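Dear colleague,

Please find below the structure that I am handing over to you. My notes on it follow.

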Amino acid sequence: MAVLSIRMIGDPILRTPAAAVTEFGPELARLVEDMTETMIDVQGAGLAAPQVGIGLQVFTYRVDGAQGHVVNPVLETDGASQGESDVEGCLSVPGLGSYVDRTDWARVTGKDISGQDVVVEGTGMLARALQHETDHLRGTLYIDRLEGEDRRNALRAIRSADYNLVTSRTAAERARTLGSSFTPGSGGSGAFGRTTR
């Protein structure tokens, strides 16, 4: 396993809808392992494949003791809004956070790395994470769901020179653990076009 580089806002892959996974095998298993290690390394609640530069419908999650992954997820939501119960942030938009209107219940159905059916259902923070990660696979960031003054403030912050310092500092901090499970310089390219270490 390896810790992967997380793409930051401005990278076009974050705005590109991900393709459905059609091949279930060792490369997919390796991707999920690496994404899980990366998510844990940066203390994230979830991570979508486009965030590590892979345009496939895969995400990992780790919320309130529940941990796993979903391939080709289909999202269902219902119930009341969570309102301003929790500030939502994103590993690809570091240093910012806002209240985002999410439903209190969500379920995704999809596949696991072996192509077997999987269902993940939850409320509260897990529901928020399922919605957030599914958005990533559609090319949507949480800031796209902001409205009014919240949206203006977020976009103003992202355009500021100070925000470039935040993303640069975050990238430098994360770079310290990249490829930490492998000998640096071993090189190679996997089937998903990512360099392995």
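The expected span of a helix is 1.5 Å times one less than its number of residues. Helices (H or I, at least four residues) and strands (E, at least two) are DSSP runs, numbered from the N terminus. This is a predicted model, in which local features need pLDDT of at least 70 and side-chain atom pairs count only at pLDDT 80 or more, while totals for chains, interfaces and linings use all residues. Residues are numbered from 1 along each chain as its sequence is written, and side-chain values use heavy atoms, with hydrogens and water left out.

Helix 2 (residues 124-137) has 14 residues and reaches 21 Å from its first C-alpha to its last, close to the 20 Å expected. Of its 14 residues, 12 are buried (under 20% relative accessible area, with a 1.4 Å probe and protein chains only; exposed is over 50%, partly exposed in between). Among the buried residues are Leu 130, Gln 131 and Thr 134. Just after helix 2, Gly 139 takes a positive phi of about 85°.

Leu 75 lies in strand 3 (residues 66-81). Leu 75 and Arg 107 are 32 residues apart in sequence, yet 5.8 Å apart in space, C-alpha to C-alpha.

Strand 6 (residues 103-111) and strand 7 run antiparallel, joined by 7 bridges; two strands pair if DSSP finds at least two bridges between them. They form a hairpin with 5 residues between them.

Yours sincerely
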